[in-house]
Amino acid sequence: MIRNAFFAVFVMLLVTHPSNARELEIELVHDGETRRAEVILPDRRLSGDPAPAILALHGGGGTPRRVRRYTGFSLSERGWVEIYPEGLDNQWNDGRVGADDRPLRDADDVGFLKALVNRLASDGLVDPARVYLTGASNGGMMTMRMACDAPDLVAGASVVIASWPVGLVCASDKPIPVMLLHGTDDELIRYDGGRVVARRGKDRGAVLSGGETLRIWAMRNRCAESRKSTLPDLDPNDKTRVYQRVYIDCTAPLTHFIVEGGGHTWPGRPDRWLVRAFLGRSSQDINLTAEIERFFLGLDAPR
């Protein structure tokens with residue numbers, strides 16, 4: 001297959017937000033496939049220069065609209081571009097292999113995401129040196145793959161309820177600022193690693209443990225040691241406690257939130273019983289969206 005990319009069309013101007021941000025749905029033909037993304041552009045009166053961007057990747061089976069709804073990012077109100085791409089069949093090729101050691105997927109998602117950012121940069125909308133990636137579950141593993149295969153595109157990363165995919169080989173050892181979050185009661189991507197749980201027995205590959213994942217990042221970011229603290233128990237009724245481990249003397253920042261009792265969920269979202277029944281508890285002790293925005297804004301501030 002031909003590995004090239006070009007923009008087919010800016011489909012339409014969908015919405016003008018009260019903040020004067022503009023919402024676009026765009027299509028990009030890459031590797032013979034029509035790929036899509038939703039983009040929120042900030043009010044151009046905030047700045048005429050190319051803007052920093054958050055690129056948020058949905059989980060397996062998710063959609064751009066769904067990740068926008070459960071994250072609730074508002075960085076476009078601060079002059080950022082928000083980018084929400086869509087994976088083929090609502091999945092990302094994050095580097096996992098199956099029990100037969102063959103890749104689970106063959107889509108060129110790394111090339112697609114690079115082409116998407118490069119086009120937005122060529123249109124003067126995004127500063128390619130200030131792109132920050134985040135994702136949950138399959139999107140979190142794809143975020144780590146981008147840090148491996150396209151490190152110059154990742155100014156910082158936030159990896160949520162995801163661990164290092166078994167099968168992902170990282171050629172780059174470039175230090176990258178990373179924030180990770182795991183739930184100890186996650187039954188889909190277990191904190192202690194192993195096979196990724198899937199319905200109907202479908203092979204979803206395997207992941208390393210949360211601890212092994214952190215060791216990889218600590219080595220890559222040249223960290224000397226870490227310090228652990230306990231966050232306030234803001235909601236004793238949610239039956240979770242949150243701990244934060246901050247790594248020190250690193251070449252690039254590294255921090256880790258551990259949600260004791262937390263499931264395959266986005267902390268800060270309502271802990272509804274139906275979600276809890278399928279995915280586990282949602283901690284109310286931190287607002288993960290606010291933590292990610294604070295992390296990325298802090299990284300971008302010196303620029």
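I'm working with a predicted model, where local features need pLDDT of at least 70, side-chain atom pairs count only at pLDDT 80 or more, and totals for chains, interfaces and linings use all residues. Residues are numbered from 1 along each chain as its sequence is written, and side-chain values use heavy atoms, with hydrogens and water left out.

**Entry: aspartate 108**
I found aspartate 108 in the loop between strand S5 (81-85) and H2. Helices (H or I, at least four residues) and strands (E, at least two) are DSSP runs, numbered from the N terminus.

**Entry: the cores**
Next I looked up nonpolar cores, sets of buried Ala, Val, Leu, Ile, Met, Phe, Trp, Tyr and Cys residues joined through side-chain atoms within 4.5 Å. The largest has 50 residues, and Ile83, Met146, Trp217 and Leu254 have the most contacts inside it. H2 gives the largest share of this core, seven residues. Another core lies apart from it, with 28 residues, including Ile54 and Tyr132.

**Entry: leucine 254**
What does leucine 254 touch, leaving aside neighbours within four places in sequence? I noted contacts (heavy atoms within 4.5 Å) with residues including Val178, Leu214, Trp217 and Tyr247.

Methods:
Buried means under 20% relative accessible area, exposed over 50%, partly exposed in between (1.4 Å probe, protein chains only).
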